[in-house]
Amino acid sequence: SLDVRTHLSYRDVLGRRLRQRLGGAYHDAVVVRVEIEGEMCVQAIVHDMTARKAIEVETGQQALRYRSFMRAALDGIHILDPQGRLLEANDRFLSMLGYDPANPPQLSVTDWDAGAHDSDVLLRIAGNTETAEIFEAVHRRADGSTVPVEVAAIGVDLGGQRVIYCASRDVSERHRAEEERVSLQRSLLQ
């Protein structure tokens with residue numbers, strides 16, 4: 001237990017709230033001067049905050065890990081609500097669409113998906129939590145140009161909210177290589 005007398009002088013305690021780490025434990029204490037039966041006393045209410053502090057540290061580490069994954073991803077990561085509104089996106093996704101990651105606009109899937117999926121498709125994907133659906137789409141950039149992409153999408157529960165986690169990969173090079181292969185094949189057959 002925390003012995004307030006060993007850590008505070010009498011004049012320091014009046015109405016103070018203390019947060020101290022003693023050994024491996026964290027304590028939160030409210031210390032006040034009170035009169036009990038005509039005698040002035042110091043009263044302290046001490047809470048062991050060790051478990052709460054451990055949760056705060058773990059939460060901070062998870063947030064750092066998440067931000068690192070989002071920054072390092074080569075694919076355009078984007079998270080949608082079941083109505084298709086963009087909730088979060090990494091810089092790669094916003095750059096792929098021609099938007100400034102430092103000033104992301106409010107977007108919906110209809111703003112970038114040239115073939116805009118209907119709400120039934122989004123709801124089906126949101127309900128699928130077992131395996132990702134993989135499909136090709138065409139994304140429209142801010143300047144109106146388009147880029148072919150391969151999208152992997154799966155429904156996920158985040159903090160009690162159902163969302164659609166998506167990863168889009170630019171497949172322009174893959175399409176060019178396939179067109180070149182087909183063209184070469186045709187020329188060889190003629």
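1. Leucine 80 has leucine 86 as its bridge partner in S5, and this contact belongs to a pairing in which strand S4 (residues 76-80) and S5 run in the antiparallel sense over 3 bridges. Please keep in mind throughout that the model is predicted. In the hairpin that S4 and S5 form, there are 5 residues between the strands, and glycine 84 takes a positive phi near 90 degrees.

2. S4 also pairs with S8 in the antiparallel sense, here over 5 bridges, and within that pairing the bridge partner of isoleucine 77 in S8 is alanine 167.

3. Is S4 buried or exposed? The strand is mostly covered, with 5 of its 5 residues buried. Gly76, His78 and Leu80 point one way from the strand, whereas Ile77 and Ile79 point the other way, and all of these residues are buried. Buried is used here for a relative accessible area under 20%.

4. These pairings belong to an open sheet of 5 strands, which has the order S5-S4-S8-S7-S6 and antiparallel pairing. Strand S5 (86-89) and strand S6 (133-140) stand at the edges, and because each has a single partner strand, one side of each is left without a neighbour in the sheet. On average, and with direction ignored, neighbouring strands of this sheet are turned by 30 degrees against each other.

5. A separate point concerns the aromatic side chains, for which the structure holds 1 aromatic pair. The ring centres of phenylalanine 93 and tryptophan 112 are 5.2 Å apart and the ring planes stand at 80 degrees, so the pair is edge-to-face, given that planes over 60 degrees apart are counted in that class. The pair links distant parts of the chain, since phenylalanine 93 sits in helix H2 (residues 91-96) and tryptophan 112 in helix H3 (residues 109-112), with the two 19 residues apart.

Methods: Residues are numbered from 1 along each chain as its sequence is written. This is a predicted model: local features need pLDDT of at least 70, side-chain atom pairs count only at pLDDT 80 or more; totals for chains, interfaces and linings use all residues. Side-chain values use heavy atoms; hydrogens and water are left out. Two strands pair if DSSP finds at least two bridges between them. Helices (H or I, at least four residues) and strands (E, at least two) are DSSP runs, numbered from the N terminus. Axes are lines fitted to C-alpha atoms, for helices over the stretch in contact, and angles run from 0 to 180 degrees between N-to-C directions. Rings of Phe, Tyr and Trp (its six-membered ring) pair if their centres lie within 6.5 Å; planes under 30 degrees apart count as stacked, over 60 as edge-to-face and the rest as tilted. Buried means under 20% relative accessible area, exposed over 50%, partly exposed in between (1.4 Å probe, protein chains only).
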